[in-house]
Amino acid sequence: MSSQIIRAQKKQPPEPPCLISLLPDEIVVDIVARVPRCYYPTLSQVSRRFRSLVASPELYARRSFFGCTEQCLYVAISKDQTSDIHWFTLCRKPNGQQFSGTASDHRLVHIPSLPPMPIQGSYVGIGSNIFVMGGFCNWKITSSVSLIDCRTHTAQTLPDMPKAVAISVTELIDRKIYVIGGSDTLSPLKSPSRSMMVYDTDTEMWELRTRPDWEAGKRWFSSVVIGGKIYMRTYYNSFVYDPNEDSCDRDEVLHSKEWSSSCVIDDVLYYYDVRGNCLRAYDPKQRSWGVVKGFEGLLPEACKWSKTVSCTGGKLVLFLQKTEETEIWCAEIAVERREGGEIWGKVEWCSVVLGGNFHIMDCVAVEL
């Protein structure tokens, strides 16, 4: 009897191959290009073919052609603010799916294929790439530059900057990267640099400039770009730098708040005031500050730091860490200006995205 069962099992036909594996490569690329990118890690485990496909330039070219590109957030995280940077990405459910409001819906996921990188460097996203420039490496200030390809999660070394600096403010205008100030010694508060380095991403050339008119001994804390101008803050003043005019003017109204870790949506600056437990907004056209209304009591209170980054569709992502806790919270907030000029916000979701005693050094948005 048992031998008959064995013979019957042997005669069973093999399982038919997956239908998608029988399709031509160009059709498979067009199908996968329409799939939300959050499913790509799962697809990469199906076969070597899919693992290669989800990292191919052809796939991302088709995603761009079909208008399926998504904004993805990459987060530079340090264990204790003195160790090297490790990169994480924020995984979110695709649009249209329901959320349960738990930490499993949204989470920061470590990218193990990327090597540790210098802390207190400068990070700028261009397209699907992230430039990592300068910082502290092995207790030395470095002039190194790395380029992260967020499609393949690989990094390559680029030619060094003209000068080694750390703790700079860095912004992108017209495909030119401006690395401003920072420290060129291991005592960043004692001898901040007056230099400004400009990298043309088209010609791949660096230009080193000096700004003797900038305040001596003042370190830049934060910066954003609004209307082609760089808004920067030191401890004592806030400035607006116009690259076209090569001019730098004070903005006393902007400096009336201790803004930092800010982002910009529709030419309005936003930052989360951890002391006031509120989201503040600065309109440079009206030269006035305001408080975003509509979500009081919906975010964690008594936080020790915050980071904001702008997203598409009039939204921002806010990272927070409570004073007495180690978990990192994250919230996505949609903002809109209503009649009368008031800005209102709506919390789309808010949850813990990472456990452990980590610190977010910077957030970068890329298009994939």
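Tutor: Gladly, and please keep in mind that this is a predicted model. Let us begin with leucine 172, which stands opposite isoleucine 177 in β11.

Student: How many bridges join β10 to strand β11?

Tutor: Strand β10 covers residues 169-173, while β11 covers residues 176-180, and the two run antiparallel. Their hairpin has two residues between the strands, and aspartate 174 takes a positive phi near 55° there. The number of bridges that join β10 to β11 is five.

Student: Which are the edge strands of the open sheet of four strands?

Tutor: The sheet has the order β10-β11-β12-β13, with antiparallel pairing. An edge strand here pairs on one side only, and this holds for β10 and β13. The twist from one strand to the next averages 20°, and the edge strands are β10 and β13.

Student: In β13, which residue is the bridge partner of tyrosine 199?

Tutor: Strand β12, residues 195-200, pairs with β13 in the antiparallel sense over six bridges. In β13, the bridge partner of tyrosine 199 is tryptophan 206.

Student: Is isoleucine 31 buried, partly exposed or exposed?

Tutor: Isoleucine 31 lies in helix α2, residues 25-33, and together with Leu23 and Ile27 it forms a nonpolar patch on the surface, with about 210 Å² of accessible area together. Buried means under 20% relative accessible area and exposed means over 50%. Because its relative accessible area is 37%, which falls in between, isoleucine 31 is partly exposed.

Methods: Residues are numbered from 1 along each chain as its sequence is written. This is a predicted model: local features need pLDDT of at least 70, side-chain atom pairs count only at pLDDT 80 or more; totals for chains, interfaces and linings use all residues. Side-chain values use heavy atoms; hydrogens and water are left out. Buried means under 20% relative accessible area, exposed over 50%, partly exposed in between (1.4 Å probe, protein chains only). Two strands pair if DSSP finds at least two bridges between them. Patches are made of residues with over 30% relative accessible area and no salt bridge: like charges are joined within 9 Å, nonpolar side chains (Val, Leu, Ile, Met, Phe, Trp, Tyr) within 5 Å. Accessible areas come from the Shrake-Rupley method with a 1.4 Å probe; for residues, only the protein chains shown count as cover. A salt bridge is a side-chain nitrogen of Lys or Arg within 4 Å of a carboxyl oxygen of Asp or Glu. Axes are lines fitted to C-alpha atoms, for helices over the stretch in contact, and angles run from 0 to 180 degrees between N-to-C directions.
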